[in-house]
Amino acid sequence: MVDRRNYAFESTTPTVHEDAFVARDATLVGDVHVEPDASVWPGVVLRGDVRTVRVGEASHVGDTAVFHGSEVGERVMVGHGAVLNDAIVEAGSLVGINATLNSGATVGERSVVAAGTVLPDGFAVPAESFARGVPATVVPLSETSVDPEEIATDYSSGAYTDLAARHEELFE
């Protein structure tokens, strides 16, 4: 029995591409779009009642993450317990476990937000940057040993899609 929780809000219902994986106990409300090969894991809440929520192609949203009016581009990894409130994360980026992106925060392409980091309201992480701390500080990726391509290869280049496919019961 599928126990997926999809709720309409003011006549708008979530849309999930047939090639996406959404755990049966994830909650999707209103203007939510989950693109092909994306995965939305157990306990995730995607709430599109004030603004669109989009999970881009081949992006992955870890257990218990919460999106309220937020969007992530293609090949984005969002760690367990992350909170995105009216935030945008561009393609090829990673948002670490328990990171918080507050209203109006943006993360540029191929950037990394470390676990536990807090991006204050309106904070902008430039493309190819590394953000960490509370509140966040940012340095160019070129000044770190962090390699977003290596992270993408390890996690978002299909490994998580394959993992989702292997968890049949979570996504039936």
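This briefing walks through the strands, salt bridges and surface charge of the structure above.

The model is predicted, so please read what follows with that in mind. On the surface, a patch of negative charge brings together Glu18, Asp19, Asp37, Glu57 and Glu74.

- Valine 40 sits opposite valine 61 in S7.
- As background, strands of a sheet pair through backbone hydrogen bonds, in either a parallel or an antiparallel way.

**Strand S4 and its partners**

- S4 is mostly covered, with 7 of its 8 residues buried.
- Strand S1 (residues 5-7) runs parallel to S4 and is joined to it by 3 bridges; tyrosine 7 has valine 29 in S4 as its bridge partner.
- Strand S2 (residues 15-16) is also parallel to S4, with 2 bridges between them; here valine 16 is partnered with valine 34 in S4.
- S4 and S6 run parallel as well, joined by 7 bridges.
- Two bridge partners in S6 can be picked out: valine 53 for valine 32, and arginine 54 for histidine 33.

**Strand S6 and its other partners**

- S6 is joined by 3 bridges to strand S8 (residues 66-68), and the two run parallel.
- Leucine 46 stands across from phenylalanine 67 in S8.
- S6 also pairs with S9 in the parallel sense, over 2 bridges.
- In that pairing, valine 55 is opposite valine 72 in S9.

**The salt bridge between glutamate 35 and arginine 54**

- Glutamate 35 and arginine 54 form a salt bridge in which the closest N and O atoms are 3.0 Å apart.
- This pair links distant parts of the chain, 19 residues apart: glutamate 35 is in the loop between strand S4 (27-34) and strand S5 (39-40), while arginine 54 is in strand S6 (residues 45-55).
- Glutamate 35 is partly exposed, at a relative accessible area of 25%, and arginine 54 is partly exposed at 29%.

**The salt bridge between aspartate 86 and arginine 51**

- The side chains of aspartate 86 and arginine 51 meet in a salt bridge at 2.8 Å, N to O.
- Because aspartate 86 is in the loop between strand S11 (83-85) and strand S12 (88-89) and arginine 51 is in strand S6, the pair ties together parts 35 residues apart in sequence.
- Aspartate 86 counts as partly exposed at 32% relative accessibility, and arginine 51 is partly exposed with a relative accessible area of 28%.

**The salt bridge between glutamate 128 and arginine 110**

- Glutamate 128 and arginine 110 form a salt bridge, with 3.3 Å between the closest N and O atoms.
- Both partners are in loops, 18 residues apart: glutamate 128 between strand S18 (124-125) and strand S19 (129-132), and arginine 110 between strand S15 (106-107) and strand S16 (112-113).
- Glutamate 128 is partly exposed, with a relative accessible area of 43%, and arginine 110 counts as partly exposed at 26% relative accessibility.

**Negative patch and a buried loop residue**

- Glutamate 74, one of the residues in the negative patch, is in the loop between strand S9 (71-72) and strand S10 (77-78).
- At 49% relative accessibility, glutamate 74 counts as partly exposed, because exposed requires over 50%.
- Alanine 65 belongs to the loop between S7 and S8, and it counts as buried at 0% relative accessibility.
- From alanine 65 to valine 112 the C-alpha distance is 17 Å, and the two are 47 residues apart in sequence.

Notes:
Residues numbered from 1 in each chain as written. Predicted model: local features only at pLDDT ≥ 70, side-chain atom pairs only at ≥ 80, totals over all residues. Heavy atoms only, no water. Patch = residues over 30% accessible without salt bridge, like charges linked within 9 Å, V, L, I, M, F, W, Y side chains within 5 Å. Areas by Shrake-Rupley, 256 points an atom, 1.4 Å probe, with all protein chains shown as cover. Salt bridge = Lys/Arg side-chain N within 4 Å of Asp/Glu carboxyl O. Lys, Arg positive; Asp, Glu negative; His and termini not counted. Charge placed at Lys NZ, Arg CZ, Asp CG, Glu CD. Helix = DSSP H or I, 4+ residues; strand = E, 2+ residues; numbered from the N terminus. Buried < 20%, exposed > 50% of the residue type's maximum accessible area, 1.4 Å probe, protein only. Pairing = 2+ DSSP bridges.
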